[in-house]
Amino acid sequence: MGQNFDAIVVGGGIVGCACAYFLSRDLKRVLLIERGPIGGGSTAAGMGHVVVMDDSPAQFALTNYSQQLWMELYPQLNHACEPRMTGTMWVAADEEEFSHVEGKRDFYVKNGLPAEVLDTKSLEEAEPSLRKGLPGGLRIPQDSVIYPMAAAQWLLGQAQLRGCTVMLGQSVTKAKNGEATLQDGTVLSARYIVNSAGDHASSLTPEIKIEPRKGHLIITDRYPGYVNHQLVELGYLKSAHEMSQESVAFNAQPRATGQILLGSSRQFVGWNDEIDRALIAKMVKRAEEYLPSISQLSVIRTWVGFRATTSNKLPLIGFLPSDPKMLVAAGHEGLGITTSVATGMLIADLVAGRPSKIDRSPFAPTSGVAA
Amino acid sequence: MGKTAKFDVLIIGAGPAGIAAAMAASEPGKCVGLVDENSAPGGQIYRALKGQIQNSISSQIKTLDDRGVIRFDGATVYDAPRPNTLSITKGGEFQTLEYEKLILAVGARELFLPFPGWTLPNVMGVGGLQALVKAGLDVKGKRIVVAGTGPLLLAVGDFLKKYGAEVLAIAEQAPIVNLLRFSTNLLSFSSKIGQGISLIGSVGTKIRPGTWVASASGTRALNSVILSNGKTTQELECDYLACAYGFVPNLELPLLLGCAVEDGFVQVDSTQQTSVQNVYCAGEPTGIGGIDLSTLEGTIAGYFANQNDCPTLVLKARDRWKLFSKKLDATFALRTELKELASPDTVVCRCEDVRMSQLVGWESSRAAKLQTRCGMGACQGRICGPATRFLLNWEHGTVRPPLIPVPLAGLETRTSAVIEQPEN
């Protein structure tokens with residue numbers, strides 16, 4: 001029997017690092033185990049868009065709460081995290097999409113978030129590279145962008161300052177009843193184990209169902225000022241929500257470096273990590289519909305990653321019903337960078353037996369298991 | 001619109017290996033393509049004045065043209081979108097080329113190791129400065145320090161002298177014992193002896209064995225360099241520093257195609273075929289050996305790719321030159337002092353402005369890259385990748401398309417080729 005820990009966090013993506021960050025405020029002996037580099041899985045394929053999403057009350061509550069937590073952390077983050085208040089510009093492709101913009105604005109404003117409807121002219125002024133004559137858009141100024149891998153590392157670094165230990169290059173093969181078995185056979189015990197293994201969470205906890213959903217990213221050379229906000233088509237949610245085999249939506253982000261990071265695609269193709277050139281071509285075509293000159297920009301790299309996807313599109317955050325020592329913090333799909341810190345806070349609340357600022361019940365692993 | 005051409009043999013790179021491969025693979029009725037990113041064939045070795053073909057290869061190029069070999073000059077391969085298909089960009093246009101057999105003769109590039117001041121203007125590569133002079137840079141009366149390692153230092157020192165430069169010193173990091181042993185070895189490679197003697201006659205007095213550039217300084221551009229032999233240092237005022245630590249193979253395309261790479265070189269069998277069926281590799285990517293070995297390997301790859309047997313004489317000659325290649329490696333092996341040249345604030349990755357101090361202390365190269373973006377800039381690690389492999393023992397990073405920055409429109413190219421099927 002190995003050392004006794006208060007909590008073992010399995011997985012050093014941004015969600016696991018956030019769990020370690022908040023758990024280490026309450027607990028002395030926290031251990032985080034990661035088999036690869038910190039933030040090297042889905043985190044490294046995340047755009048780093050910290051965004052409040054209005055697609056369901058639960059998702060809104062989680063993203064909104066998490067964004068508030070990020071805003072509190074931003075002044076403390078180191079330079080490498082590159083937090084920038086770019087805002088999100090939801091772009092309407094046609095009048096039909098534009099007709100829903102006011103309702104969307106009202107929802108944000110009613111919930112205390114600034115939101116502004118832009119007409120054709122003001123959209124053109126705000127984003128000169130967009131196609132002329134688009135009906136308009138919705139600006140959410142409080143949304144922001146960070147560099148995910150550095151943010152994950154920073155969260156973990158803070159946890160380490162509070163005494164959290166980190167084990168790298170080890171994978172956990174089994175976790176049950178407060179015992180985590182490492183690949184080399186070592187068994188570590190803890191009062192709590194958090195499964196934050198992201199897209200691999202199901203292999204550690206088979207009763208939760210998390211599937212990898214592949215995404216492609218494209219990054220260009222440096223074009224400072226080409227876009228100013230994170231630009232997202234209003235049809236994005238449709239693409240994210242359709243559990244179809246394959247979907248593409250326009251999503252362009254200005255990086256701190258002046259590079260443009262271009263998404264997004266969603267595919268259920270298992271763990272196939274090849275670059276799908278046909279899909280990349282679709283992404284470029286889609287982007288061209290909004291940014292006609294983008295095809296002239298130099299691309300320097302394309303890559304893929306996998307989102308941890310649950311069947312009800314919400315992350316699983318909470319105790320596993322079958323194991324009182326086991327918590328799950330996984331299944332964040334395309335919102336893990338945003339929702340990591342709220343997830344960490346909820347996990348810490350659960351372990352401490354505290355109430356949380358938001359309703360935890362929609363994320364309880366039972367709902368994921370039942371689906 | 002043109003038709004899709006499927007090449008019987010497609011050759012990437014028109015340096016010594018690529019030209020030799022094309023000579024061996026081309027015959028009437030065969031569709032052979034020769035792609036090179038420069039505006040004229042010849043590669044680094046046979047680089048002529050801008051856009052021209054060097055005399056020593058002009059008859060071979062004419063032969064290839066006569067045999068109907070289709071040349072793609074000024075074309076760069078940037079992706080392998082499907083099996084047996086490469087994407088090239090040429091003059092702002094995008095095309096795909098299909099092939100039955102592929103010969104990778106993609107050459108090597110210079111190895112740059114960071115030292116304080118290495119990013120100053122007028123600090124450049126050894127072959128790099130030579131290429132610039134061939135492209136028209138006037139070095140008459142300029143004070144130049146040539147430094148680094150390898151036979152190229154002498155050749156370029158001699159070249160610069162002929163163009164009127166004042167070569168102040170040739171700092172060769174290899175110790176003198178290695179150089180003496182190597183010159184004895186040259187006796188068994190008769191073709192190299194005359195060359196060596198003439199170079200030593202020209203710039204021999206400038207050679208400083210066991211010496212390297214410790215730092216370079218200047219306000220706006222290079223002003224002086226400090227040479228070190230580990231015991232004493234000397235400052236030399238100069239206008240240019242040409243510095244490179246030998247060559248590293250261009251592995252990007254072989255890796256993208258899935259060719260097995262070991263100890264930094266593409267693995268090939270006796271027919272020059274790589275671990276990927278129908279993909280051959282010749283020249284520097286299989287081991288740095290210079291023009292003679294490259295030419296032989298190109299010839300062999302050309303024969304086998306064209307499904308002909310290769311004369312035994314050629315195979316034997318290759319094996320002999322492989323020994324020469326090994327001796328080169330041993331002679332010019334990099335000394336460990338070079339790993340200590342970069343100071344903590346020396347920039348290692350110029351694209352992302354990552355300094356030496358940021359790169360140490362990570363548990364893996366991938367962790368360091370994710371956190372610092374080292375090697376993720378426009379050059380995709382072409383410069384800092386080989387340096388970090390030497391300095392920090394990092395492994396080669398994953399190769400992801402595109403191989404070179406291309407307009408996004410290039411990624412959209414779905415349907416192939418706008419080239420005409422050759423007439424024969």
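How many salt bridges does the rule find across the interface of domain 1 of chain A and domain 2 of chain A? The rule finds three there, a salt bridge being a side-chain nitrogen of Lys or Arg within 4 Å of a carboxyl oxygen of Asp or Glu.

The model is predicted, so local features need pLDDT of at least 70 and side-chain atom pairs count only at pLDDT 80 or more, while totals for chains, interfaces and linings use all residues. Residues are numbered from 1 along each chain as its sequence is written, chains are lettered from A and ligands numbered from 1 in the order in which they are written, and side-chain values use heavy atoms, with hydrogens and water left out.

**View 1. The two domains of chain A.** Domain 1 consists of 4–51 + 148–210 + 313–368, and domain 2 of 85–141 + 211–309; these bounds come from an automatic or database domain assignment. The centres of the two domains, taken over C-alpha atoms, are 29 Å apart. In contact (heavy atoms within 4.5 Å) are 17 residues of domain 1 and 26 residues of domain 2.

**View 2. The interface between the domains of chain A.** About 1600 Å² is buried between domain 1 and domain 2 of chain A, with carbon and sulfur atoms giving 58% of that area. Buried area is the accessible area (1.4 Å probe) that two parts lose on being put together, summed over both. Of the area that domain 1 buries against domain 2, 44% is supplied by A:Met47, A:Lys313 and A:Glu333, more than by any other three residues. A:Glu333 also forms a salt bridge with A:Arg307, with 4.0 Å between the closest N and O atoms. The side of domain 1 that touches domain 2 has five nonpolar, eight polar and four charged residues. Here Ala, Val, Leu, Ile, Met, Phe, Trp, Tyr, Cys and Pro count as nonpolar, Asp, Glu, Lys and Arg as charged, and the others, Gly among them, as polar.

**View 3. The interface between chain A and chain B.** The contact takes 37 residues from chain A and 31 residues from chain B. The two chains bury about 2700 Å² between them, 54% of it on carbon and sulfur atoms. A:Arg277, A:Ile300 and A:Arg301 supply 24% of the area that chain A buries against chain B, more than any other three residues. Three salt bridges are found across this interface, and A:Arg222 and B:Glu352 meet in a salt bridge at 3.2 Å, N to O. Elements giving two or more residues to the side of chain A that touches chain B include strand 12 (211–222), helix 9 (277–290) and strand 16 (298–309) of chain A. Helices (H or I, at least four residues) and strands (E, at least two) are DSSP runs, numbered from the N terminus. Helix 9 of chain A gives the largest share of that side, seven residues.

**View 4. Strand pairing between the chains.** Strand 16 of chain A and strand 22 (residues 406–407) of chain B run antiparallel and are joined by two bridges; two strands pair if DSSP finds at least two bridges between them. A:Ser298 has B:Pro407 as its bridge partner in strand 22 of chain B.

**View 5. An open sheet in chain B.** Five strands form this open sheet in the order 8-15-9-10-11, with parallel pairing. Strand 8 (123–124) and strand 11 (207–209) are the edge strands, each pairing on one side only. Strand 9 (residues 143–149) and strand 15 (residues 240–245) run parallel and are joined by six bridges. B:Cys243 in strand 15 stands opposite B:Ala147.

**View 6. Local backbone features.** The peptide bond from A:Gly263 to A:Ser264 is cis, with omega near -10 degrees; A:Ser264 is found in strand 15 of chain A. Another cis peptide bond, with omega about 0 degrees, joins B:Pro401 and B:Pro402. B:Pro402 lies in the loop between helix 12 (384–392) and strand 22 of chain B.
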